[in-house]
Amino acid sequence: MLHACAILMDIVRSRELPDRVGAQRRIEETLAVASQGLGLLAKPYASVGDEFQSVAPTLGGALVLTERVQLLLPDGLMLRYGIGEGEIQNIGGDAARVLQDGSAWWRAREAIDHAHEVQDAGAEYLLTCYRGGSDEEEQALVNALLTLRDHSLAGLGGRQRRMLAGLPSGQTQARVAAEIGVSQAAVSQFVVSKGAALLAAHRLLVVAAATVEAER
């Protein structure tokens, strides 16, 4: 029995995609890049239909993963995320694919279903929802953070998302500018304006996740 965060992800409006096969390939490539360096217990993998799964050792790791994916996905593709914190137990399967169950997976399913319901009700910017244990205050605080984060990310253009994805990884402003095809001045302006709070929050989250993992 393991205490961790189960992560469910599904493609938003997958039936409307003109190239479903191509979309699947691009999403899998994005997930592979986004998961690097996070120490995930199970790297993201396609499960069934338009759904993907992953397991993070900490809530911080799960939040960093879902943020990275949002930033790195190409324009026109979005995923919805349900994070469930609790127990995970191996109940079957084989070496290639272990079958798991437990409260973390049940809560992740509840979370992603709730995110879907909120989107259908009109809040299309909300992509991520969290369900934890009995601590209602912590759950409310995490979901408040996710609401603000998703709303802020939804307001970014494609180039701004790519700036935000590159800068926290240690790339210089000049390198980010060259890769995206903008001036360094544009990156610098983004860092001190629209991207400032998101970058600061991301760095705090990465440090927190690393600290918790080191103490485990």
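**View 1. Gly 60, a buried residue of helix H2 in this predicted model.** Gly 60 has a relative accessible area of 12%, so it counts as buried. The cut-off behind that label is under 20% relative accessible area. You will find Gly 60 in helix H2.

**View 2. Asp 10 and its polar contact with Arg 80.** Asp 10 sits in strand S1, which covers residues 2-11. Is Asp 10 buried or exposed? Its relative accessibility is 12%, so Asp 10 counts as buried. The side chain of Asp 10 makes a polar contact with the side chain of Arg 80, at 2.7 Å. If residues up to four places away in sequence are set aside, Asp 10 touches Asp 50, Glu 51, Met 78, Leu 79, Arg 80 and Ile 112.

**View 3. The largest nonpolar core, with Ile 27, Val 69 and Leu 79.** This core holds 30 residues, and Ile 27, Val 69 and Leu 79 have the most contacts inside it. Which elements each supply at least two residues of this core? They are S1, helix H1 (20-34), strand S3 (51-56), helix H2 (59-72), strand S4 (79-93) and helix H4 (136-154). H2 gives the largest share, six residues.

**View 4. A closer look at Leu 79 and its contacts.** Leaving out neighbours within four places in sequence, Leu 79 is in contact with Met 9, Asp 10, Ile 11, Val 12, Ile 27, Leu 31, Phe 52, Val 69, Leu 73 and Leu 127. Elsewhere, a second, separate core has 14 residues, among them Leu 164, Leu 167, Val 176 and Phe 190.

**View 5. Helices H6 and H7 packed at an angle of about 115°.** H6 spans residues 173-180 and H7 spans residues 184-192, with their axes 8 Å apart. The crossing of the two helices is right-handed. Which residues meet here? From H6 come Gln 173, Ala 174, Val 176 and Ala 177, while H7 brings Gln 184, Val 187, Ser 188 and Val 191. By class, this contact of H6 with H7 has five nonpolar residues, three polar ones and no charged ones.

Methods: Residues numbered from 1 in each chain as written. Predicted model: local features only at pLDDT ≥ 70, side-chain atom pairs only at ≥ 80, totals over all residues. Heavy atoms only, no water. Helix = DSSP H or I, 4+ residues; strand = E, 2+ residues; numbered from the N terminus. Buried < 20%, exposed > 50% of the residue type's maximum accessible area, 1.4 Å probe, protein only. Polar contact = N/O pair within 3.5 Å; in protein donor to acceptor, adjacent residues only side chain to side chain. Contact = heavy atoms within 4.5 Å. Axes fitted to C-alpha atoms, helices over the stretch in contact; angles between N-to-C directions. Left-handed = near helix turned anticlockwise from the far one by under 90°. Nonpolar A, V, L, I, M, F, W, Y, C, P; charged D, E, K, R; others polar. Core = buried A, V, L, I, M, F, W, Y, C linked by side-chain atoms within 4.5 Å.
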